[in-house]
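Here's a friendly walk through the charged pairs of one protein model. Have a look at the structure first, and then we'll go through a few of them.

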Amino acid sequence: MIREDGELRLMLAAGADANHEPRTFTFPVAAAHLAVIREDLARHLLLWSAVLPLCDAAGTRGRLDENAAVALLDPVLLAPPAEVDALFRRIGWDRGRLVAHGADLDLLDRGQLCAALRPATERADEKRVQEYHAERRRAGRGVVLGPLDAQVLRYTGQYLHGATLPRRLPDAVDPALLPEVLRVIATAERAGAGMRIGLDPRRGNRATDKRDWDRLASTVEAAVRRAYPGLADDAVRTVSFLMCSEAADRARSTPVDDDDGTVGDHADAGGGTRRTTLSFTDDKGGQKTWVRDGSRSASAEFWQFVADRSAADNEVFTIEDEERGEGVQLHFYADSLARITTVRLGDGGADPQYRVEYSLVDGIGGYRTLVSAFIRGGCAALDRYGPWMADVAEFERVRRQRDDAR
């Protein structure tokens, strides 16, 4: 409470200005109002709840509607409880303030605000507000959580916000239900054992393979539902989200596998002569040369090149072995790949002749398989991954059929 030019005024902080600093508002009150505010916590909280929407309406720089604020004083602070409850059915009010200060939630939802505030406390519990709003959002979706459902969500840290990255928080769980929660988690772990989520360099350095993610999520959810058929969908999904996010984190922290046989003394599968140099290019003029030096494999270097360069307008990448006159071109926009073989070198200024053949590719896993096979054994090593089509029109027809079927 403050005095301005001899006038008693109520000051409160609410909302924020354009710089995200708290705004303060004042409006005049009478001595009778001040006495109630000081002595009756429930009426104090009700007035606060009723005035906050007026502060929100003022925005970042507008003025408080003092007339509207003053008009609330008598009805909220001095009227009988039944009239106060009737008033709050007609006006906007901030439910969260009353929840934070201990209002009885059942009475609050029934509109009996004065009775709901009998157990009110001076100290606010903001976590109670968060939980209340989370429960109302679930209720709006028709979701009712059982005791185990709620504790599973608390274990993953998603009880309040479903979009939060899940974690393992055993201390947040009711100790009586923690063993059962851990059995749910163990069921999910067994179901996903041995499954991994790979990186998808087409979408950057930290992106993961969506197909791998969906495959693991489906496997875990099916296993958990079989073992716990009564578990709510929200609880099942939070467990699969936990398993997938942990698998994705492992993929991001694991070095790229050197699995193409081009590191150290591995022999080349394409005839016994080891590759020494490969050229990587993209559709925007980017270029990188890999030279055998015993450090990183050609495939690891190529996928790093893709992760660094790939974009919505840069989806064509090429690996070329100039010494052998062959290469592959990856078309990420079309889920396809072309293998290119030099049939005849150009003599006397004539252009070389090439054989170009196309094949469909099944996601990033398919690309990785084809790239590793080409690096190990050249175009000949790709025969087993066909069919390969030299007729462009025929290939486009097959590709459109594939896309339409998806």
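## Buried or exposed?

Before we start, one term: a residue is called buried when its relative accessible area is under 20%, exposed when that is over 50%, and partly exposed in between. Keep in mind, too, that this is a predicted model.

## Salt bridges overall

How many salt bridges does a search of the whole structure find? The count comes to 32. Among the residues involved, E4, E7, R9 and E66 are tied together in a network of salt bridges.

Take R97 and E126, whose side chains form a salt bridge at 3.0 Å, N to O.

R97 has a relative accessible area of 15%, so it counts as buried. E126 comes out at 41%, so this residue is partly exposed.

Now for R215 and D212, which meet in a salt bridge at 2.8 Å, N to O. Both sit in helix α11 (residues 210–227), three residues apart, or about one turn of the helix.

Is D212 buried or exposed? With 14% relative accessibility, D212 is buried, because the cut-off is under 20%. R215, at 45%, is partly exposed.

## One more pair

R324 and D321 make a salt bridge as well, with their closest N and O atoms 3.8 Å apart. D321 is buried at 2% relative accessibility, while R324 is partly exposed at 28%.

Notes: Residues are numbered from 1 along each chain as its sequence is written. This is a predicted model: local features need pLDDT of at least 70, side-chain atom pairs count only at pLDDT 80 or more; totals for chains, interfaces and linings use all residues. Side-chain values use heavy atoms; hydrogens and water are left out. A salt bridge is a side-chain nitrogen of Lys or Arg within 4 Å of a carboxyl oxygen of Asp or Glu. Buried means under 20% relative accessible area, exposed over 50%, partly exposed in between (1.4 Å probe, protein chains only). Helices (H or I, at least four residues) and strands (E, at least two) are DSSP runs, numbered from the N terminus.
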